[in-house]
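This briefing covers how one chain is divided, how two of its parts meet, and what a database record lists for it. Please read it beside the sequence and the model.

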Amino acid sequence: MAIAKMQKISLVAKSEYKSVLLHVLQGLQGVEVSDLTQEDPSSPSLESGGTYQETYRWYERSEAVLTLLAQYAPTKPLKVRLKQKRPTLTLSQLYDQVDEQSIKAAIERLESLSKQREEILEKRQKLEKKQAEIGPWKVVTYSPKVLQQARYFTVQLGYLPNDQDHSFYQQLQSIDSVSVEEVFSHKDRMGLVAVMPTSRQEEILEEMKDVGFSPLDYPYEDSPEAVYQALEDQRLALHQEEKTLIQTLKDYTRDLTDFQLASEAFYNQSQRQLVEAFSKDTPYLTYIKAWLTVEDLERVVRSLNQEIGEDHYALIKEEISQEEIDQDEVPIKLENKSWIKPFEPITLMYTTPNYREADPTPFVMPFYMIFFGMMMGDLGYGLLLWLGTTLALQFLDLDDKMRQNLKLGHLLSYPTMIVGICYGSFFGVTLPCQMIDPMSQAMELMIISMGLGFVHLTVGLLIKTVTEWKRRNFEDMYNDGAGWLLLFLGGVLILLAKGLEMPVLASLGKGIAIAAALGIVFVPVIYNKRRMVGFVSGLYNLYGVSSFIGDFVSYSRLMALGLSGGSIAMAFNTMIGQMPPLAKFTIGIVLLGLIHVFNMFLSLLSAYVHGLRLTFVEFFGKFVEGGGKLFQPILILQKYAHITTIDKNVK
């Protein structure tokens with residue numbers, strides 16, 4: 001339950017074994033390769049090779065193809081999707097199942113089909129737009145273009161604004177030497193055919209425009225009816241072409257698994273090629289520097305011996321220098337028991353611990369569980385959380401991140417149920433086994449919350465004190481830890497003296513508190529060569545007591561949030577209970593279920609967020625330094641297949 005002890009190694013092998021060596025390291029999923037090009041600027045850059053970019057591009061193209069095929073794949077029933085499991089493969093088995101050449105050809109073919117469909121859709125949209133324009137005119141069976149070329153009269157199609165009393169139409173009809181016929185009428189405009197003498201065409205058109213007439217630009221030679229039918233024939237031909245293309249795309253969905261494994265293979269290959277650029281190479285040898293845990297060293301050696309042979313490489317264990325530790329160059333890997341591991345993301349969300357300090361995750365777990373349980377505080381909600389997470393963990397094929405999140409929710413369901421029993425709350429209904437009533441005993445609950453806050457802060461200060469003691473940094477040990485612990489002790493003794501009516505205990509408490517406060521002021525004076533600066537610094541440190549008061553008040557949210565969630569549940573239970581019997585046992589049951597699900601979601605969100613707040617600000621702020629570099633082994637994508645790390649199968 002700590003930060004894993006790390007081992008730095010150097011690997012030297014013949015150049016022809018470089019790819020196999022990195023393949024083994026990637027397959028073990030526990031080795032981070034250092035970038036040696038940063039140490040030597042003259043080394044060739046990643047961009048010079050282009051292999052990584054090319055392979056990664058194939059990964060992106062395969063993902064795009066999977067997105068495309070997902071649109072045409074038949075929808076599987078929810079039950080089938082929930083039961084579907086990823087295949088379990090080693091990295092070598094994954095590569096063996098992917099025919100790279102045929103997959104690349106299929107990807108190119110699918111990209112071409114996708115482009116063809118986009119072109120078809122674009123053409124069809126243009127045709128449909130033309131059809132929308134010409135459609136209202138298709139009742140015209142002659143060609144306006146031909147009639148416009150007549151010697152004595154001309155025909156003009158156009159639009160006129162449409163109003164309720166047809167005033168525009170009447171004005172148009174009143175124009176001399178023009179005959180107007182309505183073709184169609186819509187809400188905002190109507191379509192007209194106007195016949196006029198060719199000799200007065202321009203004059204009459206100007207008069208018609210004055211009353212709102214807009215000539216139709218008709219570029220076709222045939223009649224609107226013939227043009228519309230021709231456009232419809234083209235649209236149907238495109239539709240048939242699209243239908244054939246869609247069927248081809250649907251046929252490719254039968255090979256969906258092949259594309260999924262290929263996507264995973266391309267990504268994993270690209271990550272290996274990425275770290276290939278991190279080594280230093282000569283025509284004959286390759287040199288790789290890497291980090292791994294001490295526990296994994298034997299596993300790495302065994303795998304390398306099996307795949308390369310111990311005569312074809314050299315592994316040198318290197319000592320970690322103090323400079324590397326101080327400069328936070330040692331990768332950090334958290335190693336905790338299975339019931340603590342789900343809480344690691346909380347620590348990493350705040351910061352990555354450095355190699356000089358302890359992993360705070362084991363201390364986070366008990367307090368976060370208690371805080372979460374108090375803010376949820378309902379047996380029914382806890383049972384739902386337990387049941388949901390248990391079923392998901394048991395039956396669903398989850399990636400590692402999602403599994404850890406569900407394990408966290410599963411662990412948090414237990415304190416929620418325990419506190420729910422103590423509060424006597426089951427979906428807002430009071431149980432007979434109630435130990436404390438949050439409604440009538442809010443003050444007692446507030447005292448419990450403050451007491452937990454005191455313990456929480458004290459543990460943080462104790463960790464800080466022990467850490468600085470081990471470093472022999474006695475100034476920070478007292479100023480940031482022990483001094484405040486003594487001040488807390490004095491305060492506790494004074495409070496106990498009032499309750500027990502023991503004046504001697506009160507005097508002892510006052511003495512300890514005063515001595516602690518004086519120490520906080522004068523310890524910086526002792527360790528600072530500039531005494532006045534040290535004195536001012538000490539006074540400022542003592543002023544920090546105000547922040548501790550704020551910290552204590554923050555723990556009141558444990559009472560407030562638990563009280564609010566229970567109050568909302570009780571209020572809605574009362575409202576539903578007052579409904580008529582028929583409504584209560586029909587829509588009332590459904591409504592009550594939805595309300596409780598919503599209230600549970602709000603309680604979960606509040607407990608999660610405020611639990612993080614108490615952990616980050618009040619707890620971590622007292623002792624966590626952070627600034628470490630997270631351990632990052634060669635990445636492996638496991639979206640479509642579970643990649644096992646069985647050493648004997650890694651090739």
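Domain 1 and domain 2 bury about 1,600 Å² between them, and carbon and sulfur atoms give 56% of that area. Buried area here is the accessible area (1.4 Å probe) that two parts lose on being put together, summed over both. The model is predicted: local features need pLDDT of at least 70, side-chain atom pairs count only at pLDDT 80 or more, and totals for chains, interfaces and linings use all residues. Residues are numbered from 1 along each chain as its sequence is written, and side-chain values use heavy atoms, with hydrogens and water left out.

**Domains**
- The protein is divided into domain 1 (1–36 + 279–333 + 630–650), domain 2 (48–129 + 224–270), domain 3 (142–222) and domain 4 (341–622), with bounds from an automatic or database domain assignment.
- The centres of domain 1 and domain 2, taken over C-alpha atoms, are separated by 37 Å.

**Interface of domain 1 and domain 2**
- Domain 1 puts 15 residues into the contact and domain 2 puts in 18 residues, where contact means heavy atoms within 4.5 Å.
- On the side of domain 1, Leu637, Tyr640 and His642 lose the most area to domain 2, together 41% of what that side buries.
- Eleven residue pairs are in polar contact across this interface, both residues at pLDDT 80 or more. A polar contact is a pair of N or O atoms within 3.5 Å; within protein, one must be able to donate a hydrogen and the other to accept it, and residues adjacent in sequence count only if both atoms are side-chain atoms.
- Helix H1 (18–28) and strand E17 (642–643) each supply at least two residues of the domain 1 side, and H1 gives the most, with three residues. Helices (H or I, at least four residues) and strands (E, at least two) are DSSP runs, numbered from the N terminus.

**Salt bridges**
- The structure holds 27 salt bridges, each a side-chain nitrogen of Lys or Arg within 4 Å of a carboxyl oxygen of Asp or Glu.
- One salt bridge is counted between domain 1 and domain 2.
- Lysine 639 and glutamate 63 meet through their side chains in a salt bridge (3.3 Å, N to O).
- Lysine 104 and glutamate 100 form a salt bridge (3.1 Å, N to O); both lie in helix H6 (residues 100–134), four residues apart, about one turn of the helix.

**Record annotations**
- UniProt (unreviewed entry) gives "coiled-coil region" for residues 103–133; such annotations may be inferred rather than shown by experiment, and positions follow the numbering used here, with feature names shortened.
- In the model, residues 103–133 are 100% helix and 0% strand, with end C-alpha atoms 45 Å apart.
- The "transmembrane region" spans that UniProt lists (unreviewed entry) include residues 507–527 and 533–553.
- Residues 507–527 are 100% helix and 0% strand, with end C-alpha atoms 30 Å apart.
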